[in-house]
Amino acid sequence: MSLVLDLLSFVAITAGAVFFLAGTLGLLRFPDALTRLHALTKADNLGVGLIVLGLLPQVSGWANGLKMIVIWLLVLLASAVASQLIARVAHRESAAE
Amino acid sequence: MMLALDLTLAALVVVLALWTVVARQTFSAVVGFVAYGLVLALVWVRLQAVDVALTEAALGSGLTGALLLAAATRLRKTESPARLERPSRLIHSVAALVAAGVTAALAIAVLTLPNPAPTLAPDTAANIESTGVHNPLTAVLLAFRAMDTLLEAIVVLFALIGVWSLAPDRAWGGRSGPHHPLDPDGILAFLTRLLTPIGIIVAMYIFWIGADDPGGKFQGAALLAAMWLLTLYAGISDAPRTHGWGLRLALVAGPAVFIAIGFAGVITAGAFLGYPEGLAKPLIVVIEWALFPSLAVALALIVAGVPERDGIPGRDGS
């Protein structure tokens, strides 16, 4: 059982790291603010989610697991709102040009 | 494995510090500074100084970062003319020499520390029972070195007075910062309504847990201040007028209680800020409860900025 859980952790955390890498690459390589945001937020949300998922089998006690899920939800909320706000400014500035 | 992580963190800190100094635009430098603070917080976690990590993340990186961002925004208009004024080569070399000298002195001081370094940790551990708190940091901050904490709380107040004193005459005593219009269906209002209750609970938790585990009033107050600032920026509430008596009472209540308990210590325990036998824990709790809201209000208003509107009528000579 614990081997299966370890395997799940390994796969999920690796996949999460890949998403982070992809998001960072997108942030560095994409041409304008909106596409960079797209790369960053989509990838980071999934990246954090997968890493939390991978860490869940490793935590001791359900309270710690719950805390990590709450952290993931808060990150989702914060990054979604922040990207909306940044996108709005970027949109306004590109419309003004 | 852990060594690789530590080396990466150390390299990142140095690179981000260099970036902050070298970046040509103030805004980029500030972004570098905030990232630097977050990586530094991770370094403190690796050094098992979770209290310091929390403070660095909340105050060093978060709150100071917000202050610097506001300053950078204000400086944006003057930035390109300012860049044309290049300091002379002499000033450049003197600045470089002084900076290198400070770095060298710090490096020598750290590297020549005796091993093991001189420490008061065993004394703290031996005497922590007498304070009734279980987090050694809280014991140091509020019992063994309470004077430092008192001065810190007062410095925050002085910083706020400094910010306020930049107000133009017409806005003296008025509300901090610009007015943010409320967009009831906007995403910022949505975030504020959702996040503020959670943030307040987390702030209270971090404040309360400080007696036994990493946490405390400064970190909790910074979070509470952030939540209040969020409601200001979303336009859900407005900054208070800075000449209000209620506000000023809230600001001085914390340090005043601290000082009063300090003087009471002269009579009851024979020393300024001494606690009588058996009363250390309750007195520490009273001080923490008094300082927590005062610090939160002061920190929030420092970030909210200089009073800009709704000043006391007639102060501008009109």
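## Where the two chains meet

Let's start with the meeting point: four residues of chain A are in contact with five residues of chain B. Sorted by class, the side of chain B that touches chain A holds five nonpolar residues, with no polar and no charged ones. Keep in mind as you look around that this is a predicted model.

## The overall form of chain A

What elements does chain A contain? There are three helices and zero strands, so reading from the N terminus gives the order α-α-α. The radius of gyration of chain A is 16 Å, well over the 13 Å that the globule rule gives for 97 residues, so chain A is more spread out than a compact globule.

The C-alpha trace of chain A spans about 60 × 25 × 10 Å along its principal axes. Of the 97 residues of chain A, 13% count as buried. Among contacts in chain A between residues at least 6 apart in sequence, 61% join residues at least 24 apart.

## How α1 and α2 of chain A pack

Now pick out helix α1 (residues 2-29) and helix α2 (residues 33-55) of chain A: their axes come within 7 Å and cross at roughly 165°. α1(A) and α2(A) are therefore roughly antiparallel to each other, and the crossing is left-handed.

Which residues make this contact? On α1(A) they include A12(A), G16(A), F19(A), F20(A) and G23(A), while on α2(A) you will find, among them, R36(A), L40(A), D44(A), G47(A) and L50(A). By class, the contact of α1(A) with α2(A) has 15 nonpolar, six polar and two charged residues.

Terms used
Residues are numbered from 1 along each chain as its sequence is written. Chains are lettered from A and ligands numbered from 1 in the order in which they are written. This is a predicted model: local features need pLDDT of at least 70, side-chain atom pairs count only at pLDDT 80 or more; totals for chains, interfaces and linings use all residues. Two residues are in contact if their C-beta atoms, placed from the backbone, lie within 7 Å. Ala, Val, Leu, Ile, Met, Phe, Trp, Tyr, Cys and Pro count as nonpolar, Asp, Glu, Lys and Arg as charged, and the others, Gly among them, as polar. Helices (H or I, at least four residues) and strands (E, at least two) are DSSP runs, numbered from the N terminus. The radius of gyration is taken over C-alpha atoms; the globule rule is 2.2 Å times the number of residues to the power 0.38. A residue is buried if 20 or more other C-beta atoms lie within 10 Å of its own, exposed if 12 or fewer, and partly exposed in between; C-beta atoms are placed from the backbone. Axes are lines fitted to C-alpha atoms, for helices over the stretch in contact, and angles run from 0 to 180 degrees between N-to-C directions. Angles under 35 degrees count as roughly parallel, over 145 as roughly antiparallel, 65 to 115 as roughly perpendicular and the rest as oblique. A crossing is left-handed if the near helix is turned anticlockwise from the far one by less than a right angle, and right-handed if clockwise.
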